[in-house]
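Subject: Structure handover and notes

Hello,

Here is the structure for you to open. My notes follow below it.

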Amino acid sequence: MNSPPKPARAKPTRSKPSRVRPAGFPNRQQILDFIAQSDTPAGKREIARAFGLSGQEKIALKALLKDMADEGLIDIGPARAFHKMGGVPKVTVLRIADVDGSTLIAIPERWEAEGIPPPRLRVIERGKRSALTVGDRILARTEEAGAGWVAHPMKKLAKGEELLLGVVEKAEGGALLLRPVDKRNRNITRITDLGTAKPGDLVLAEAAGRAPKMTARVTDVLGDPFAAKSFSLIAIHKFGIPFTFPDRVEEEALTVAKLPLHEAKREDLRHLPIVAIDPVDARDFDDAVWAAPDEDEANAGGFRAIVVIADVAYYVRPGSSLDREARKRGNSVYFPDRVVPMLPHQLSSDMCSLRAEQDRAAMACHLVIDKQGKVTSWRFTRAVIRVAANIPYEQAQSAIDGETENPLLETALKPLWACWALLAKARDKREPLDLDLPERRVVLDDTGKIVSVAVRERLDAHRLIEDYMIAANVAAAKALEAKKAPVMYRIHEPPSREKLIALKDYLKTFDVEFAMGQVIRPATFNRLIAKVGDSDVKPQIMEQILRTQTQAYYGPQNAGHFGLALGSYAHFTSPIRRYSDLLVHRALVGAYGLELPAPKDKDLPEKTSLSGEDLTNMGRVGELISQHERRAMEAERETVDRYVAAFLALRVGEVLEARITGVQNFGFFATVDGLGGDGLVPVSTLGAERFYYDEAGRALEGMTTGTRFTQGQRLPLRLVEADPINGSLRFELPEGASHLPFRGGPNRGPGRPSGGLHRRGRPANIRHSNNPKGKHRK
């Protein structure tokens, strides 16, 4: 079983030179009092609003909050909301740890304040006592009351997230052991009850006792871990992703799928050659597009465009069983072999999927675009459409390039490309962040066997659809703002100063200057990439720029989208697979009077617009779906890593071209060119020479020869191990390869400071080469 994570080392408290604050500016105690007394999560914007700060005062507030975090006074929780250090976030995950009389006691599932014991929260349950018991995990609102903390449960989290997932092994002597599938977990647990499992099976097991005497009882046998579809099943169970629908949800999906389209009350767009352009292996079709030159003389050279999106809000009504299940999931999760949908298949791949030649309910975003590519106006309607064709990206591109014929080339594709040329012109002027990083695509045959793992080709057809979707997303956000209606924004904040300083130090190792005093915009990073050109270091510099960015999230308070260089942005275009988009659709229905009530003979909520619960819980729901999105991304990434490891398992012993992706004091990580997957080269395998870890230069350097292993360096490596169960790889240098890395003299080599061996950093300790805490993270 996973041992409890060791708390992160707390930053030492230190005094800082005082900053000049504006008159009337809140002091530290006032900010602490506000955070403690706020009924909702308190981020920088909420604090600024409470104290009436604006302009330069907000900049000063940001600096003060950073100082308070460094001093150990506050910490930051989900959605960048602050809470008192030693306290807990306003909304967090707790584990029931004890029972005091009739009162349940919970503790935070994660606790990172070293030296401060985790608080024990009294669980206050509404009404009649629920079935919560010791060991249960809950999502709860928390508050400090009197001398202690209390928790108000919001939901009980899935039992599957508490089970051990591993493979049964038989040790010498006959003992049965559970080997975890998580490569970061090295704890092997003794099995006391095997059930019907046998050695080699992938199983779920309940844990008993505490490490190191913990034991496991097998509860579910999942089968052969190497069989087709097992890799995604591992991720589903590991991350507790709901993958089956309750009967009541399936039944409601069947009911709503039969709802009439209300054609007379919808705008009829069936006469237009609207097309859906998607991946060749798409499982659902939730968007389609149309464009034509604008016939209005006042917009000469401009276009009219329509982005149509499946009208999921018509079928999934607030407060319904479908709605509660969709919120619980937050989004669909896509694996190479399957999709775990947010909505049952009766909707996600049938009635809400925009299939060709079938009438479908849709939300239509009408755009007017001038000859400069600026969207000058928009309107939203509920429509009935009939998609002319579902065209894969590759086929659409091939038709535009004149390589193949398509019956919709003149009526649909060419006008779309002509309009997109204007949108692209406006995008280039806006200068959003342009990181063209490769995406891996796992191709399987009909039996689930891996055919290939390759970089997904990036076509103009992909960029075209992206730009139409971005235009519709911006229009949705601005349309709601115009009505002063609630918006679930997609927020991407600018990089933090700490990350910018780290980027500056990193770029210095390549003799690339980065000025800290400038106003940071996406174009700032684009210019850096252009300065690097097509040199070998370009991929790792782009990856470092990506790591510098903050993580995007959902919330009702607008903070703009830094990466896209947009002031207002919301997700409107994928309500089949994202709950955030469904909320935006509901807001548009209410703001623009687009209500279509359910028939009275159906046992369904009447309205399709935002409910009172939606409005009350916008902030909380934004945090939840942001967490679910991160869960899905990690599960998808780990599954691809397992497929890559399985694909490479047949090439163990071969020498492969690789690139170093991360360097630590215990070794370096490398990825196979064109395939991906991180593998470790332990420092202990690099020979007898002692290596020095240059932390600033992100390199290991031989203290005698000056041999350097640096991030981004390309070199051949021998694949020693590929474990599909946990997705891990292990490499070593090929025989006679000591000449491969850069060999510099005492004062030479990229990133090597002057002064010989006396430099920043520390010697690498080869006895730490298996330390899981140092695992490189993407």
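One definition first: angles under 35 degrees count as roughly parallel, over 145 as roughly antiparallel, 65 to 115 as roughly perpendicular and the rest as oblique. Axes are lines fitted to C-alpha atoms, for helices over the stretch in contact, and the angles run from 0 to 180 degrees between N-to-C directions.

This is a predicted model, where local features need pLDDT of at least 70, side-chain atom pairs count only at pLDDT 80 or more, and totals for chains, interfaces and linings use all residues. Residues are numbered from 1 along each chain as its sequence is written, and side-chain values use heavy atoms, with hydrogens and water left out.

**The whole protein**

The secondary structure comes to 17 helices and 35 strands. Helices (H or I, at least four residues) and strands (E, at least two) are DSSP runs, numbered from the N terminus. The protein has 778 residues, and 51% of them are buried. Buried means under 20% relative accessible area, exposed means over 50%, and partly exposed is in between (1.4 Å probe, protein chains only).

The protein exposes about 36,100 Å², with 51% of that supplied by carbon and sulfur atoms. These areas come from the Shrake-Rupley method with a 1.4 Å probe. Among contacts with a separation of 6 or more, 67% are between residues 24 or more positions apart. Contact means heavy atoms within 4.5 Å.

**Helix pairs**

Two packed helices are described by the angle between their axes and the distance between the axes.

Helix 9 (residues 393-400) packs on helix 10 (residues 409-430) at about 95°, with the axes 11 Å apart. The two are therefore roughly perpendicular. From helix 9, Ala396, Gln397, Ala399 and Ile400 take part; they meet Leu409, Leu413, Lys414 and Trp417 of helix 10. By class, this contact has 6 nonpolar, 1 polar and 1 charged residues. For the classes, Ala, Val, Leu, Ile, Met, Phe, Trp, Tyr, Cys and Pro count as nonpolar, Asp, Glu, Lys and Arg as charged, and the others, Gly among them, as polar.

Helix 11 (residues 460-482) and helix 15 (residues 579-591) pack at about 40°, with their axes 10 Å apart. They are therefore oblique to each other. Their crossing is left-handed. A crossing is left-handed if the near helix is turned anticlockwise from the far one by less than a right angle, and right-handed if clockwise. Ala476, Ala479 and Leu480 in helix 11 touch Val584, Ala587, Leu588 and Ala591 in helix 15. The contact divides into 7 nonpolar, no polar and no charged residues.

Helix 12 (residues 497-508) and helix 14 (residues 538-548) pack at about 165°, with their axes 9 Å apart. This pair is therefore roughly antiparallel. The crossing is right-handed. On the helix 12 side are Lys499, Leu500, Leu503, Tyr506 and Leu507; on the helix 14 side are Gln540, Ile541, Gln544, Ile545, Arg547 and Thr548. That contact has 6 nonpolar, 3 polar and 2 charged residues.

Which residues of helix 14 are buried? They are Gln540, Ile541, Met542, Glu543, Gln544, Ile545 and Thr548. These buried residues pack against helix 12, helix 13 (522-532) and strand 26 (655-664).

**Single residues**

- Phe666 sits in the loop between strand 26 and strand 27 (667-672). Its relative accessibility is 2%, so Phe666 counts as buried. Its C-alpha atom is 8.7 Å from that of Val681, 15 residues apart along the chain.
- Ser452 belongs to strand 23 (residues 450-455). It is partly exposed, at 25% relative accessible area. The C-alpha atoms of Ser452 and Val442 are separated by 6.1 Å, and the two are 10 residues apart along the chain. Leaving aside neighbours within four places in sequence, Ser452 contacts Arg441, Val442, Val443 and Phe647.
- Glu431 is not a glycine, yet has a positive phi of about 55°. It lies in the loop between helix 10 and strand 22 (440-444). Glu431 is partly exposed, with a relative accessible area of 37%.
- Lys484 also has a positive phi of about 55° without being a glycine. Its loop runs between helix 11 and strand 24 (489-491). Is Lys484 buried or exposed? Lys484 is exposed, with a relative accessible area of 78%.

Best wishes
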